[in-house]
Amino acid sequence: MSAPVRIAAFAVGLALLFTAATVAGGAVDPDVDDGSGEHGTKSEESAMNGHETMSAGTEALPGLATSQAGYRIVPAATTAPAGPRTPYEFTIVGPDGEPLTEYAVEHERRMHLIVVRRDFAGFQHVHPELGADGTWRVELDTTLSGTYRVFADFTSGDGEAMTLATDLSVPGAFEPRPLPMPVRTVDAGDGYAVRIDSSEPEAGVATRVEFTVRRNGEVVDGVQPYLGADGHLVVLREGDLAFLHAHPQGEPGGSGPIAFDVDYPSAGAYRMYLQFRHRGAIHTAAFTELVGGASPIAAAEHNDRGDDHAH
Ligand SMILES: [Cu+2]
């Protein structure tokens, strides 16, 4: 196909996808869908009646709230200077109003802190240290200016598992990055490439997602256990950055692809970060997945812009 023909075909495909997304929009948004196709007034009625607004996929998705079950995340500051090693402190305040000091160990740690800029740039997964007074401390890479989402993933000493989130703003010139296009194989740096394989992702059904790690072209068999599994997967929904828990399949130290079951709560675009350990180092591979009638607008925008944002 010549270049102009390919571009034209791409534009037509885009238009079709845009139409499909517009049509599907009402059907896939649980807050709006009432089956009648009359979205405006009916959804307002539903909201007022309080029914149909808590259908599957909308209730208590992790990572959308600063508080849950009486627990809340309290950052020492909501802004931080730009820099590669920026101190960050926070506490989890319990239902009794006191900083929580008792935590259960999950995936080998008492606290998992996931930090990512709201446009999915600058992903970090760090493990803060707990002070005797309940203050968690860690250093973050805030080199990129903009607003970050900070997810505290933990289980209280009482066994309450939750993901609380808050924003962190870093002043300076903000260069938003469009959502990367979905591709099957991504570069994870240091000679590593990771391929994603999954059945057609569908909202509301556990989707098996498998990752195959290659190093310098050769399949790596037997990655080292990391946080009690062969890999760690963080999945975030575009738009609101809902935080999905992915469940690793198989025993740590297994051979073959690294497998997870992912529960996508809705159609949409998702960014997922696979972390694995090989030869003593942690590597991260980031993927974009489009689930069930997702709008690829943001991804297409990226395609139009090409490598403008590659530094
Ligand atoms: Cu962690």
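**View 1. Surroundings of Phe211 in the predicted model.** Beyond its neighbours within four places in sequence, Phe211 is in contact (heavy atoms within 4.5 Å) with Val194, Arg195, Ile196, Leu233, Pro257, Ile258, Phe260, Met272, Leu274 and Phe287. The model is predicted, so local features need pLDDT of at least 70 and side-chain atom pairs count only at pLDDT 80 or more, whereas totals for chains, interfaces and linings use all residues. Residues are numbered from 1 along each chain as its sequence is written, and side-chain values use heavy atoms, with hydrogens and water left out.

**View 2. The largest nonpolar core.** This core comprises 25 residues, and Val194, Phe211, Leu233, Val262, Tyr264 and Met272 have the most contacts inside it. A nonpolar core is a set of buried (under 20% relative accessible area, 1.4 Å probe, protein chains only) Ala, Val, Leu, Ile, Met, Phe, Trp, Tyr and Cys residues joined through side-chain atoms within 4.5 Å. Strands (DSSP E runs of at least two residues, numbered from the N terminus) that each supply at least two of its residues include strand 12 (192–198) and strand 13 (206–215). Strand 18 provides the largest share, 4 residues. Another core, of 23 residues, lies apart from it and includes Val126, Val138, Leu140 and Met162.

View 3. His112 (ND1), His125 (NE2) and His127 (NE2) are the protein donors (N, O and S atoms within 2.8 Å of the metal, or 3.2 Å for Na, K and Ca; water is not among the atoms, so sites may look incomplete) of the copper ion, at 1.8 to 2.0 Å. Because His112 lies in strand 5 (residues 111–117) and His125 in strand 6 (residues 124–126), the pair ties together parts 13 residues apart in sequence. Both His112 and His125 are buried.

Methods. Buried means under 20% relative accessible area, exposed over 50%, partly exposed in between (1.4 Å probe, protein chains only).
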